[in-house]
Amino acid sequence: MPIQALQTVTAAEEAAKKRKAGAAAEAKKKIAEAEKEGERALIEAKEAAAKEMEAARKAFKEEADAKTAAKTTELEQQKAELRSAASPKLEKAAQLIVERIVNS
């Protein structure tokens, strides 16, 4: 084999090694970038989930507070109605007790 052919083969081998090393470095760089992007996406997803949970918690609390207020109003109204209905009976009962004591 002539020297020129050996030099050409050697140069081609060196060029292939350099391309291979460059491709490996580029692959490592892309992997690192992808990992960083994945970590960023994970952090963003966690933050979004936390915000969503907080919004849901707030909505549930507001709903519960509204239901509690409505039930409290309803019970207060029922209490007033019961007292109103019981008031005349209480007076009548007191009169009967006084009459029994006086007549005894």
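This is a predicted model: local features need pLDDT of at least 70, side-chain atom pairs count only at pLDDT 80 or more; totals for chains, interfaces and linings use all residues.
Residues are numbered from 1 along each chain as its sequence is written, and side-chain values use heavy atoms, with hydrogens and water left out.

Helices (H or I, at least four residues) and strands (E, at least two) are DSSP runs, numbered from the N terminus. Along the principal axes, the C-alpha atoms fill a box of roughly 145 × 20 × 15 Å. Helix H1 covers residues 3-103.

Pro-2 is found in the segment before H1. From Pro-2 to Leu-75 the separation is 73 residues in sequence and 108 Å in space, C-alpha to C-alpha. Asp-65 is found in helix H1. Asp-65 and Lys-20 are 45 residues apart in sequence, and their C-alpha atoms are 67 Å apart in space.

Buried residues make up 0% of the 104 residues. Here buried means under 20% relative accessible area, exposed over 50%, and partly exposed in between (1.4 Å probe, protein chains only). Pro-2 counts as exposed, at 55% relative accessibility. Asp-65 is partly exposed, with a relative accessible area of 42%. The accessible surface of the chain comes to about 9700 Å². Carbon and sulfur atoms account for 61% of that surface. Areas come from the Shrake-Rupley method with a 1.4 Å probe; for residues, only the protein chains shown count as cover.

The chain has 21 positive and 19 negative side chains. The centres of the two sets lie 3 Å apart. Lys and Arg count as positive and Asp and Glu as negative; His and the chain ends are not counted. Each charge is placed at NZ of Lys, CZ of Arg, CG of Asp or CD of Glu.

Side chains of opposite charge can pair when their charged atoms come close. A search of the whole structure finds five salt bridges, each defined as a side-chain nitrogen of Lys or Arg within 4 Å of a carboxyl oxygen of Asp or Glu. One of them joins Arg-57 to Glu-54, with the closest N and O atoms 2.6 Å apart. Both residues lie in helix H1, three residues apart, about one turn of the helix. Arg-57 is partly exposed, at 44% relative accessible area. Glu-54 is also partly exposed, at 42%.

Another salt bridge links Glu-63 and Lys-67, where the closest N and O atoms are 3.2 Å apart. Being four residues apart in helix H1, Glu-63 and Lys-67 are separated by about one helical turn. Glu-63 counts as partly exposed, at 41% relative accessibility. Lys-67 counts as exposed, at 54%.

Glu-74 and Lys-71 also meet in a salt bridge, at 3.7 Å from N to O. Glu-74 and Lys-71 lie three residues apart in helix H1, about one turn of the helix. Glu-74 is partly exposed, at 36% relative accessibility. Lys-71 is partly exposed, at 43%.
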